[in-house]
There are 2 protein chains.
Amino acid sequence: MQDTLGAFVPGAILRRPPHRSGPLSGLSFAVKDLFDVAGDVTGCGNPDWAASHDAPETDAWAVDVLRRAGAALTGKTITDEISLGLLGINKFDGTPLNPRAPDRVPGGSSSGSASAVAGGLVDVALGTDSGGSVRTPASFCGIYGLRPTHGRISVAGLMAQAPTFDTVGYFARDALTFGRVGGVLLGEQLADALHPEIVIASDCFALADEPVRLALEPVIERLRKAVPTTAAALAKGELLEWGRHQRILQKSEFHATFRDWIDRVNPRFSSEVAGAFADDGRIAAQDLAAAKGFREVASKRLDDVLDGRRMLCLPTSPILPIARDARLSEMRAAVHRIVDLTCIAGLTGLPQVNLPVATSGPIPVGLSLIGWRGGDASLLAAAQTLAKEFSIGLYEELS
Amino acid sequence: MQDTLGAFVPGAILRRPPHRSGPLSGLSFAVKDLFDVAGDVTGCGNPDWAASHDAPETDAWAVDVLRRAGAALTGKTITDEISLGLLGINKFDGTPLNPRAPDRVPGGSSSGSASAVAGGLVDVALGTDSGGSVRTPASFCGIYGLRPTHGRISVAGLMAQAPTFDTVGYFARDALTFGRVGGVLLGEQLADALHPEIVIASDCFALADEPVRLALEPVIERLRKAVPTTAAALAKGELLEWGRHQRILQKSEFHATFRDWIDRVNPRFSSEVAGAFADDGRIAAQDLAAAKGFREVASKRLDDVLDGRRMLCLPTSPILPIARDARLSEMRAAVHRIVDLTCIAGLTGLPQVNLPVATSGPIPVGLSLIGWRGGDASLLAAAQTLAKEFSIGLYEELS
């Protein structure tokens, strides 16, 4: 494998063999440079993080599970600095190419993992998703991606960011591989077929830019013919409140995570990332309490809707990937828009898959399904069923 | 010359000969990497500045003047990133050694220039001083340093920071060399001897930490015996107001200077420097107006005191140089303290020299004289006189 996309961390093509043969034998995988791989410093996309941390002695839980299932580790992929970012721009390690839209960002923070999978450098790649870091690059690069139920896949051996948001996710190009790997990570057999009932989140679609809505419209039409659908507003007019509370809670947590390290190390950051630490991150107690209260109510509301049969359908991102050479102000505005939708699974801890189902011109546009709490295997089975039976997404890779 | 101090920008030992022989023949000089040297990118201490700017075609005015006066340019010295900093810590180019206190910071932002002069790598070095960037490293490294009257020495060919504060200054180890070079930069003959009347700024001394006060006490005693002195409070109880207004005005200006570049380039900064851009830099109109009004009143008040005979005496820095491995929070507190005194010449535009006259244990402690507006040559002549006749500072280098 030659890293023609700049997806791997320079010097981090590690080539670790499987521990034994298993259900994933023959598959190659990459891991975001937030996952420990024994003997190699976990760089987390920032040179001052790398310089202030020792190499781990053991593989992260998820890396170990894939190697025990027969998959071979190719190496470590570029992440946005300390996982803060949704665009995939990294001024230190480089910005991986979006193979489907070379003048656009790949999405992040699991940028290199998405790029490597989309460009065919590996079959599968692990990422993490706290605020949208698997879902966004999956959508931008046109591949499958899972953010699991919070707590469902172990985060042991990973850099923490915002613990009540942090999840381990992954990418694949086709629904069959996506399901195979998911079964291993979840330790669950997937159902052969699962025909979900779909609730189309009308207000989430209304929030999306026109090219996104236009690209997804024919897919929604196909969905309507394939499975039972209803349309409903998720949030009764206050959808933007969700993002506001997500930002408060996630920021409060990642400030607590990084505060002492920043004070000790005075690390370098791109201006994009430095902006996240612009103030001291201390949130007024009543704002924090309000956000936590909102989170509880929102989780309960979605648990009532997604009751073991129904799944919620929404655009993964309300915007197309922005240009690689966008200004900082455009970058910030784009991240704000993306979080307006990724916050839904983030706040509630529910599982979400990106289905690579559409394009706007040549640019990928992803559709998402949010499943019920703990229903990760069902969500993957639904994705497989939609891809296989109704050609909504690629089922099996054509090679 | 071998750069044993890490004072020069990596790869920037340029060795440009004098244009002809002249009054500075035989002297070597270095320039802060904020000054244009023809054919070499002016890096300004930040890799993203260097990468987004072309090499200049001509030398900066001050570089040209020194080369025309017979001095040889050795190379370009490390600066705090885009000149923002007073400690001399640079996470990209490295932090130059303070030859007099190797476990302490050298002071900045003209860190490499001060380090190279203090350590004997060159005879003289150019720096810039907007908020204290010549005076602080001169004090910390135990050498002479001038911040001239604002506008007195041309800033042509320099990176701008905060135009109403920006000045070109320089360093030397002894008062004789200091005067020779000053005469060339000012284009003025210095008086053979000048015995100033000294006003000791009692509130500025009261602001200093005990080691600084104790180190300077015996020097003040010698001064009292050498020249007429009086003691007076500069600010009648509101000295800390000066720093507050300086910070507002300087910040407003450097934000305006860098705003578009930051938006375009998304540059990397250490967290220390990123903190300066934490908010958008837009100051409330009434705060800006109040600061400008304060500046006018303060300038007039000092013009009344420093009337062509009297000079103001104060500690250059109220604190000793902090440890090189200090935490970010200590760094920020130190910079705040330093500006409490460097703001006086900054706000008023008056010239100030650091006299290397004392130590606390092995650590240099500088004393400052602030002269009258345009009285730069007199200030240098006074420094020479005090050093030569009264052994307050080193007059001629012992080699």
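The largest nonpolar core of this predicted model has 250 residues, and those with the most contacts inside it are Ala383(A) and Ala383(B); such a core is a set of buried Ala, Val, Leu, Ile, Met, Phe, Trp, Tyr and Cys residues joined through C-beta atoms within 7 Å, where buried means that 20 or more other C-beta atoms, placed from the backbone, lie within 10 Å of a residue's own. This core draws at least three residues from each of domain 1 (28–186) and domain 2 (197–390) of chain A, with bounds from an automatic or database domain assignment. Because the model is predicted, local features need pLDDT of at least 70 and side-chain atom pairs count only at pLDDT 80 or more, while totals for chains, interfaces and linings use all residues. Residues are numbered from 1 along each chain as its sequence is written, and chains are lettered from A and ligands numbered from 1 in the order in which they are written.

**Core and domains**
- Beyond its neighbours within four places in sequence, Ala383(B) is in contact (C-beta atoms, placed from the backbone, within 7 Å) with residues including Tyr144(B), Phe178(B) and Leu369(B).
- In chain A, the C-alpha centres of domain 1 and domain 2 lie 18 Å apart, and 52 residues of domain 1 are in contact with 50 residues of domain 2.

**Between the chains**
- The contact takes 19 residues from chain A and 19 residues from chain B.
- Strand E8 (residues 268–270) of chain A pairs with E8(B) in the antiparallel sense over three bridges, strands being DSSP runs of E, at least two residues, numbered from the N terminus, and pairing requiring at least two DSSP bridges.
- Arg268(A) has Ser270(B) as its bridge partner in E8(B).

Notes. Contact = placed C-beta atoms within 7 Å. Buried ≥ 20, exposed ≤ 12 C-beta atoms within 10 Å, placed from the backbone. Helix = DSSP H or I, 4+ residues; strand = E, 2+ residues; numbered from the N terminus.
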